[in-house]
Amino acid sequence: MDSKRRDFLKIAGLTAIAGIAAPSAFNTLLKGEAIASAGQAAAGGHGAAAPTGKRYGMVIDVKKFTENSGLAEQCVSVCHTIHNVPDFGNRKDEIKWIWIESYEHTFPTESQYKRPDALKDMPILTLCNHCDNPPCVRACPTKATYKKKDGIVGMDYHRCIGCRFCMAACPYGARSFNWRDPRGKDANGQPFIKAENPKYPTRMRGVVEKCNFCTERLAIGQIPACVEVAAQTKAIVFGDMNDPESEISQVLKTSFTIQRNPAIGTHPSLFYII
Amino acid sequence: MIEKAFKGSTGYWVWMLFLLSIMGVGGLCYVQQFNYGLGITGMSRDVTWGIYISQFTFLVGVAAGGLMLVLPYYIHNYKAFGRIVILGEFMAIAAIAMCLMFIIADLGQPMRALNVLLHPTPNSMLFWDMIVLNGYLFLNILCGWVVLQSEYKGIKYPKWIKPFIYLSIPWAISIHTVTAFLYCGLPGRHFWLTAILAPRFLASAFAAGPALLMIIAMVLKKTTKFDVGREAQDKLVTIIGYAAMLNFFFLGCEFFVAYYSQIPGHMHTLDYLYWGLGHGEEVFNNLVPFMRASVIMGLAGIGLIFVSRAKQSDGLLVVSCLLIFISFWIDKGLGLVLGGFVPSPLEYVTEYVPSVQELGITAAIWATGFFILSILYKVAISVKLEKEA
């Protein structure tokens, strides 16, 4: 074998190895958040999720909120009260963890053509989707937002530098920024946090916040506050989606649910029954 | 060498005092912002980045533009750029300094900025941007200063600097590529989610950076004895002209993909930027006049810059460079970043108007950039003229 041919084979071999190694190197770069396994790729990669460990999820049955008027508002109010979410009284500074949205704005990529009239006034609860492949976590330069082992996407208010990259990255508009001091008072001397809950920390100016799936309540064996409010009507079902016996797994198995914009590969943990 | 910056004409001192006064006013605005929070700006829950980040994005381009001088001079041994290449390197220093200041101005918790180093996160493009920007700043300070100092001493620059100069060339590409990656890797923001964003950033950078340099060179030609030379001038016209054309070609590609595919998400922001977006009864179009002006000024600038060379007219050259610079400043320093937020992921339209304090801080950072630039150019030009005298 002449040397040129040997060289060629060497280069070809190295190239092949590099080609095989490149995707795994890329995955390492993304810290395993974009796990592009062959199985998911075959399924289109739009709906698949991590199959192991705990993964909390939520199913919101929108019809039950129409049937029980005022229930959605109650969920929002309880969440914002226990989490010390300030009310600045304007849209520009607004902070919200969970809020009521219309069908057309919650699902802008779904067809809006010739939909039932009932959809128009349906109060749809909107919150962080706790994506299995969260773009916000990928974007954060300080790991101030991170994905926990149970699937919850959390926030470290003490590490956040307030660059708001996560807000640009979130495809669901779920994140809010403290444009001003949430512990402060308005011009009339009214505090922005009406009644402070000492069990949950207030935030400081200049950091991002969002729904945390009530991780502080889960830690002491309670269910998320909004789920508790809606418990009687079963309008919100919460639980471990990787446990086949859990209520949420049963609901997901028997009902047709939709996710918000699944085409972008974020794998949301929030499902809606419309 | 730095002592050259402390001796100058009245004009020089008036200019520096003028810049200092803007910096002072902006400094006061920043104190207000620091005490109140970013709510003092026009940014909102839906439009979370404003004029700070858009200026940052544009100025990364200005910094990368220095490459168009370094590359021909050091790689292709193009001697005509001998006098102007140092201006390119020093402009990069001032531009990167402005970039870093704009990022700090935009942080909600600026005191925690070092968390990016304390908790390095390689999956974040902002982490990489921090590395490439600071690296490029270092490379330009090193290369610019060492080469100029050698000239000051009347010797050829030392050999060890060459690898750093060569490294600065791909590094210039990297700063604008990584800056584009901040935007084009985000799912759900259709306007930014385009593989052509980094090439487009580079094309506009290679036009806007040298255009600004050309304007400054013409001012220096008028006010000092420093002349970059006809050949360098003519060559720069070619570079600026073709890079600007490339930018418009890329912009045209964006238009084609959006409007031929008819995918609503791809059309929305272009609709908003160039025609206005109707939302119920209201029409949102506050950027339309700017974006249209940008296209007209850019195309006019491209035409005029070649006419200016044919006619050997410095006046026309300055006008065409100004047109191109302002055109690309609007395109990237306004439309690109602000447009990405309209409509929001939930398809609401929120418009952004910067506040007075925000504009004050922005002006102050630009003034600081020009302050740094003036000092560096004063030194460079004094050395050059002294050696040639």
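Colleague: Which term describes B:L117: buried, partly exposed or exposed?
Modeller: In this predicted model, B:L117 is found in helix α5 (residues 115-118) of chain B. A residue counts as buried if 20 or more other C-beta atoms lie within 10 Å of its own, and as exposed if 12 or fewer do. With 13 other C-beta atoms within 10 Å, B:L117 therefore falls between these limits and is partly exposed.

Colleague: How far apart in space are B:L117 and B:M130, C-alpha to C-alpha?
Modeller: Along the chain, B:L117 and B:M130 are separated by 13 residues. Taken from C-alpha to C-alpha, their separation in space is 9.1 Å.

Colleague: What is the burial class of A:C170 in chain A?
Modeller: A:C170 is placed in the loop between α7 and β6 of chain A. The limit for burial is 20 or more other C-beta atoms within 10 Å. A:C170 has 28 of them, and therefore counts as buried.

Colleague: Which residues does A:C170 contact, once its neighbours within four places in sequence are left aside?
Modeller: A:N129 is 41 residues from A:C170 in sequence and 9.7 Å from it in space, C-alpha to C-alpha. Contact, by contrast, requires C-beta atoms within 7 Å. The residues in contact with A:C170, leaving aside those neighbours, are A:P135, A:C136 and A:R175.

Colleague: Which element gives the most residues to the side of chain A that touches chain B?
Modeller: The contact draws 43 residues from chain A and 31 residues from chain B. On the chain A side, α6 (135-139), α7 (165-169) and β6 (176-177) each supply at least two residues, and by class that side has 20 nonpolar, 10 polar and 13 charged residues. With 4 residues, the element that gives the most is α7(A).

Colleague: Where in chain A is A:K234, a residue with positive phi that is not a glycine?
Modeller: The phi of A:K234 is positive, at about 55°. A:K234 counts as partly exposed because it has 13 C-beta neighbours inside 10 Å. Its place is the loop between α9 (225-229) and β8 (236-240) of chain A.

Colleague: What is the orientation of α11(B) relative to α12(B)?
Modeller: α11(B) and helix α12 (residues 314-339) of chain B have axes that come within 7 Å and cross at roughly 155°. That angle makes α11(B), relative to α12(B), roughly antiparallel.

Colleague: Why is α2(B) classed as it is relative to α12(B), and what is that class?
Modeller: Helix α2 (residues 51-64) of chain B packs against α12(B) at an angle of about 135°, with the axes 8 Å apart. Because an angle has to be over 145 degrees to count as roughly antiparallel, and between 65 and 115 to count as roughly perpendicular, the class that remains for α2(B) against α12(B) is oblique.

Colleague: What is the omega of the peptide bond between B:V342 and B:P343?
Modeller: B:P343 lies in the loop between α12 and α13 (356-388) of chain B. The bond that joins B:V342 to B:P343 is cis, with an omega of about -5°.

Methods:
Residues numbered from 1 in each chain as written. Chains lettered and ligands numbered in written order. Predicted model: local features only at pLDDT ≥ 70, side-chain atom pairs only at ≥ 80, totals over all residues. Contact = placed C-beta atoms within 7 Å. Nonpolar A, V, L, I, M, F, W, Y, C, P; charged D, E, K, R; others polar. Axes fitted to C-alpha atoms, helices over the stretch in contact; angles between N-to-C directions. Parallel < 35°, antiparallel > 145°, perpendicular 65-115°, else oblique.
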